[in-house]
Amino acid sequence: PVIYAITPTYKRPVQRAELTRLSNTFRLINNFHWIIVEDSEMKTSLVANLLFRSHLNYTHLAIGTPVEWKRKLKEPKWKKPRGVKQRNKALEWLRNNKANENDEGIVYFADDDNTYSVDLFNEIRKVKGVGVWPVGLVGGLLVEKPLINSKGKVIGWNSAWRPERPFPVDMAGFAINLKLLRNHSNAEFSWDVSRGYQESAILSQVTTIDQLEPLADNCTKVYVWHTRTEEPILKAEEKLKNRGLRSDMNIEV
Ligand code: UGA
Ligand code: MN
């Protein structure tokens, strides 16, 4: 099967650095297809250039977040869900372009700020329905992970943040076989869920806890980290801007 990694992304100073880190990892993976969806009305040349130079199989899409769901300046980022429209656009692309049951694939939601080990993709490749594994540095814990009983079944998570969620797991902690997404043709992300419920929303449309496949050595290994890149302080750049100047004139950063 092909691994389809869906990455929503948006313009900001660290964007090219983030996407470069991801593309360098993804270049080490066989049978891989990157679906990158820009949070903007139009595709940008920065992302187009990066993809073109990456030598990866990719699909480049763009769809803007509606204004009422866009984060306002100074508003904390957790106030609004992120990547909803973008991930749905990628799912729509998959359903339209990989509709044939011979198109075997596994879908992974790979946010642009996380850190991915090459080993993660060996695990993703095994997913028959929905696979789950530990995620490092998320939800206020060093590791958030599925709890496995002696029969090798998932019986819950060790999550500390909103553990009452139906699937208290981060987006980086699961992958879904394309077959399931074709069978559940309406399964998608929604604005209409409370904070932290995006993952539960999609998962409850396609699976149940007892069907989950624990991976990464029975969920004893960490192969992905919810790292989140620090926002750079660009005070001197602001001063340049006030004088009508910029350091990135004629150079892509
Ligand atoms: C956590 C989860 O890890 C996300 O998968 C989930 O979408 C998010 O919460 C949520 O509840 O909506 P967090 O690290 O806080 O994520 O979110 P970001 O990494 O900032 O955003 C997730 C993805 O959406 C990233 O790939 C980011 O580039 C993209 N994004 C973010 C946009 O496309 N537009 C934005 O305005 C912000
Ligand atoms: Mn993130």
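Q: Helices here are DSSP runs of H or I with at least four residues, strands are E runs of at least two, and both are numbered from the N terminus. Which helix is N218 in?

A: N218 is in helix α7, residues 216-219. This is a predicted model, where local features need pLDDT of at least 70 and side-chain atom pairs count only at pLDDT 80 or more, while totals for chains, interfaces and linings use all residues. Residues are numbered from 1 along each chain as its sequence is written, with chains lettered from A and ligands numbered from 1 in the order in which they are written.

Q: What does UniProt say about N218?

A: An unreviewed UniProt entry places the feature "glycosylation site" there, at N218. UniProt positions follow the numbering used here, feature names are shortened, and annotations may be inferred rather than shown by experiment.

Q: Is N218 buried or exposed?

A: N218 is exposed, because it has 11 C-beta neighbours inside 10 Å. The cut-offs are 20 or more other C-beta atoms within 10 Å for buried, 12 or fewer for exposed, and partly exposed in between, with C-beta atoms placed from the backbone.

Q: And what is N218 in contact with?

A: Skipping neighbours within four places in sequence, N218 is in contact with I148 and G152. Contact is C-beta atoms, placed from the backbone, within 7 Å.

Q: How do β2 and β3 pair?

A: They run in the parallel sense, over six bridges. In one of them V37 has L61, in β3, as its bridge partner.

Q: Which residues touch the most other members of the largest nonpolar core?

A: A5, I6, I106, V107 and Y108 do, out of 56 residues. Strand β2 (residues 32-38) gives the most to this core, five residues. A core here joins buried Ala, Val, Leu, Ile, Met, Phe, Trp, Tyr and Cys through C-beta atoms within 7 Å.

Q: What does A5 touch?

A: Beyond residues up to four places away in sequence, A5 touches F26, W34, I35, Y108 and A110.

Conventions:
Contact = placed C-beta atoms within 7 Å. Pairing = 2+ DSSP bridges.
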